Amino acid sequence: MPNHKGREPDLRLQVRSILATLGGMKEVAEAESVLATSVSPDPTAPIPKQIRYIIGNEGCERFSFYGMRNILTVFLVSSLLLYLPESERARGAKDIFHTFVIGVYFFPLLGGWLADRFFGKYNTILWLSLVYCAGQACLAMFVTNRTGFYIGLGLIALGSGGIKPCVAAFVGDQFDQTNKHRAKVVFEAFYWIINFGSFFASLLMPIFLRHLGPAVAFGVPGVLMFISTAILWLGRKKYVMVPPAPPDPHSFLRVSRDAIAAGLRGQLLAVTAVASAIGSFMLTPKFGFVIAACLALVGLSHLVVSACGFSSTACAANIPRKLSKACVRFYASLCCSRW
């Protein structure tokens, strides 16, 4: 039988360390609260000047996107899909259109991840806007070439979807405690310009397609997208740049990867961790914590920390974030000491 008495002082030290950490968290929270309240809003604070570049960028980009989208199905039925029997053209156009829309709403996951973890919002918006421009150029140049046209649609889905979660958040980054009360006016203007660009795109682009042909009709949104990117670039020296967040060493994927790499025991217990995480959503948010705590106390592997981390996310509505992270670290210390 292994002797655990020698480990008891270490475990007590770890528990004391956790409690000290909780106390430190409280002090930091109080300091942050005092700092936030000590900086009062300035009623005369102007709207940040760099906001106009972001709003101009968004207006041109929305005109570009909706202008292209609103003539896409008509163009496919009347031109690009003429090789299909007439009875199948409408269905083929719908398939292409909906596949494109799926991409537009999938790539925000990629864009947000790149911005938050690697490049920051401005760089992500700028570089994906260039991809967007390339896609619009492909549409204008390959109106008779299906392969080139489809590549253009793919690039637009990547560019448009990738910048979608970043632009509004980038607007919010330009404010601080002194002028945050002006954010309401700015966001009203921001969403107004979105509808302004969409309205005129919907009004004008079918006319361009009917009277000027598909090359010009797809070329106009391309020009607007190049203008949008140029406007964003002009304000590059004035923006408030929030750096991307560093990787979290206690994330679910990192802990799971390390545990699985530890051997068969970790691989088997991965199933338990995932089950507890699923249970925290399927049954009750605290269910995952209960399972994780029981596994930790009986000395099962440190993989159980992944269940705690996943469960802390599920409990975010009921347990403060800092306390959730403290619980994860506390369970980690228990698991490591038992391991």
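I began with the nonpolar patch, to which helix α3 gives the most, with four residues. The model is a predicted one, and in it I read the patch as about 610 Å² of nonpolar surface, made by L110, W113, F118, F119, W127 and L130. Two elements give two or more residues to the patch, namely α3 (86-119) and α4 (121-141). I checked L110 on its own and noted that L110 lies in helix α3.

Next I turned to packing, bearing in mind that two packed helices are described by the angle between their axes and the distance between the axes.

I stayed with α3 and looked up its partner α2: the axes of α2 and α3 come within 7 Å and cross at roughly 155°. I recorded the crossing of α2 and α3 as right-handed.

I then followed α2 (residues 51-80) to helix α7 (residues 214-234), and found that the two pack at an angle of about 160°, with their axes 8 Å apart. That angle makes α2 roughly antiparallel to α7 as well. For the contact of α2 with α7, I listed the residues by class as 17 nonpolar, seven polar and one charged. What is the hand of the crossing of α2 and α7, left-handed or right-handed? I noted the crossing of α2 and α7 as left-handed, whereas the crossing of α2 and α3 is right-handed.

Conventions
Residues numbered from 1 in each chain as written. Predicted model: local features only at pLDDT ≥ 70, side-chain atom pairs only at ≥ 80, totals over all residues. Heavy atoms only, no water. Axes fitted to C-alpha atoms, helices over the stretch in contact; angles between N-to-C directions. Parallel < 35°, antiparallel > 145°, perpendicular 65-115°, else oblique. Left-handed = near helix turned anticlockwise from the far one by under 90°. Nonpolar A, V, L, I, M, F, W, Y, C, P; charged D, E, K, R; others polar. Patch = residues over 30% accessible without salt bridge, like charges linked within 9 Å, V, L, I, M, F, W, Y side chains within 5 Å. Areas by Shrake-Rupley, 256 points an atom, 1.4 Å probe, with all protein chains shown as cover. Salt bridge = Lys/Arg side-chain N within 4 Å of Asp/Glu carboxyl O.
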